[in-house]
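Thanks for coming, everyone. Please look at the sequence and the structure on the screen, and then I will walk you through them.

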Amino acid sequence: SLILGTPRAWGAEKLVFGVGVRTGFSAVEKEETFHIHELTAYHTLPWDWHWPGGWVLDTFWEIHFGLLTAASEQAVLLSTGPLVTLQTPWKRLAFMAAFRPAFLEDHIFGKENLGGEIQFTEEIGLNVTLNKYLSVGYRLQHLSNANLYDNNPSLYFHVLELRCLLP
């Protein structure tokens, strides 16, 4: 049977801040090959759930400042939104999912038209904690404009990241 955990009160845990660096490349072949490079900042949100056996669902808020490149062109990509992680009983391994609305400075990359400046990004992935402050991760990232524009080709990326908790 599923036992629902109880969220902890704000302030019950120390507010945690961190930064990260990410890089990725197209996961699905398109007319152009895309690369993404991002700097990230994140902090805990006031909700987490603990279950028997050591499973923990944590919530975070992320801010991403990135560069999307393809066809010798580049554009700034800004995004912000929630992240949830499911920490396993082994403590070093966590699963994650995120959703962020995004702003893309330019949407034309050679032969590829991403439709417009407003985009949305969703991700799923894994995170491995190396020590108290460092972790590495993989995310499969999707970027699209959710059919806000006539053209919506959707991009998928394999993304590697290094995250650092701030003391």
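One thing before we start. This is a predicted model.

Let's begin with the cores. In soluble globular proteins, nonpolar side chains tend to be buried together. Here, the largest nonpolar core has 14 residues. Those with the most contacts inside it are F34, L68, L104, F109, L114, L155 and F157. Which strands supply at least two residues each? They are β3, residues 56–70, β4, residues 73–87, β5, residues 93–104, and β10, residues 155–165. The largest share comes from β10, with three residues.

There is also a second, separate core. That one has five residues, including Y42, L83, M96 and A98.

Back to L114 for a moment. Leave aside its neighbours within four places in sequence. Then L114 touches F34, L68, L104, H107, F109, Q119, N145, N151, P153 and L155. Among these partners, F34, L68, L104, F109 and L155 are on the list of residues with the most contacts inside the core.

Now the charges. The count of salt bridges comes to ten. Take R22 and E38. Their side chains meet in a salt bridge at 2.8 Å, N to O. R22 sits in strand β1, residues 17–26, and E38 in strand β2, so this pair ties together parts 16 residues apart in sequence. Buried or exposed? R22 counts as buried, because its relative accessibility is 3% and the cut-off for buried is under 20%. E38 is buried as well, with a relative accessible area of 2%.

R22 has another partner, E161. In that salt bridge the closest N and O atoms are 3.6 Å apart. How far apart in sequence are the parts that this pair ties together? The answer is 139 residues, as R22 lies in β1 and E161 in β10. Both R22 and E161 are buried.

Next, R100 and E62. Their side chains form a salt bridge at 3.3 Å, N to O. R100 is in β5 and E62 in β3, so the pair ties together parts 38 residues apart in sequence. Relative accessibility is 0% for R100, which counts as buried. For E62 the value is 1%, and E62 counts as buried too.

R22, E38, E62, R100, E123, R139, E161 and R163 are linked by salt bridges.

On to the rings. The count is four aromatic pairs. I will show two of them. W55 and W90 are edge-to-face, 6.2 Å centre to centre, with 80° between the planes. This pair links distant parts of the chain. W55 is in the loop between β2 and β3, W90 is in the loop between β4 and β5, and they are 35 residues apart. W55 counts as partly exposed, at 30% relative accessibility. W90 counts as exposed, at 61%.

The other pair is F99 and F120. These two are stacked, 6.0 Å centre to centre, with 15° between the planes. F99 lies in β5 and F120 in β8, residues 118–129, so the pair ties together parts 21 residues apart in sequence. F99 is partly exposed, with a relative accessible area of 36%.

First up is E112, in strand β7, residues 112–113. E112 is buried, yet has no salt bridge. Where is the nearest side chain of opposite charge? That is K30, 5.2 Å away, while a salt bridge needs the atoms within 4 Å. What the side chain of E112 does reach is the backbone nitrogen of E31, at 3.2 Å.

Then D48, in strand β2, residues 35–50. D48 is buried, with a relative accessible area of 9%. Its side chain makes a polar contact with the side chain of H50, at 3.4 Å.

Finally N152, in the loop between β9 and β10. N152 counts as partly exposed, at 21% relative accessibility. The side chain of N152 reaches the backbone nitrogen of N145 at 3.1 Å. Setting aside neighbours within four places, N152 contacts S144, N145, A146 and N147. Compare L130. N152 and L130 are 22 residues apart in sequence and 38 Å apart in space, C-alpha to C-alpha.

That's my tour. Thank you.

Conventions
Residues numbered from 1 in each chain as written. Predicted model: local features only at pLDDT ≥ 70, side-chain atom pairs only at ≥ 80, totals over all residues. Heavy atoms only, no water. Core = buried A, V, L, I, M, F, W, Y, C linked by side-chain atoms within 4.5 Å. Buried < 20%, exposed > 50% of the residue type's maximum accessible area, 1.4 Å probe, protein only. Helix = DSSP H or I, 4+ residues; strand = E, 2+ residues; numbered from the N terminus. Contact = heavy atoms within 4.5 Å. Polar contact = N/O pair within 3.5 Å; in protein donor to acceptor, adjacent residues only side chain to side chain. Lys, Arg positive; Asp, Glu negative; His and termini not counted. Phe/Tyr/Trp six-rings, centres within 6.5 Å; stacked < 30°, edge-to-face > 60°.
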